[in-house]
Amino acid sequence: MLMQGFNNGVLPLLGYAMLALALVAFVFAAMAREDAYRAAEKQTKTFWCVILGVTLLVDFFLGMLFLQIAGLVASIVFMVDVRPALKQVSGGGRRRGGSSSDGPYGPYNGGR
């Protein structure tokens, strides 16, 4: 009874979550510029688009758990390591101007 609920309730939700993460990672990988990958000293844009595209296909069409977990690891590596490096190189970290000493409520003046 408990396994049936797990197989019918939790596993499909995990599958949809892995599919969503792979889709978001693929879109971010495809939107980044090719030269940003080289500047961040990461693998090429083609490499990440192929890896994440295969992950999407595996998650959507095949139900092989081992391949889904490998794709999940690739998606997490992209989102945690590659994407922040691309944002830093592309200048996408800050949306408004300011110095590096600016805090969330304005500039830090050292207690003056």
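**View 1. Arg-83 and the ring of Phe-28.** In this predicted model, the charged end of Arg-83 sits over the ring of Phe-28, 3.8 Å from its centre, where such a placement requires NZ of Lys or CZ of Arg within 6 Å of the ring centre and within 35 degrees of the ring normal. Residues are numbered from 1 along each chain as its sequence is written, and side-chain values use heavy atoms, with hydrogens and water left out.

**View 2. The ring cluster of Phe-47, Trp-48 and Phe-78.** Ring pairs link these three residues, Phe-47, Trp-48 and Phe-78, into a cluster; rings of Phe, Tyr and Trp (its six-membered ring) pair if their centres lie within 6.5 Å, and planes under 30 degrees apart count as stacked, over 60 as edge-to-face and the rest as tilted. Phe-47 and Trp-48 form an edge-to-face pair, 5.4 Å centre to centre with 85° between the planes, whereas Trp-48 and Phe-78 form a tilted one, at 5.5 Å and 55°. Trp-48 lies in helix H3 and Phe-78 in helix H4, so their pair ties together parts that are 30 residues apart in sequence; helices are DSSP runs (H or I, at least four residues), numbered from the N terminus.

Key. Predicted model: local features only at pLDDT ≥ 70, side-chain atom pairs only at ≥ 80, totals over all residues. Helix = DSSP H or I, 4+ residues; strand = E, 2+ residues; numbered from the N terminus.
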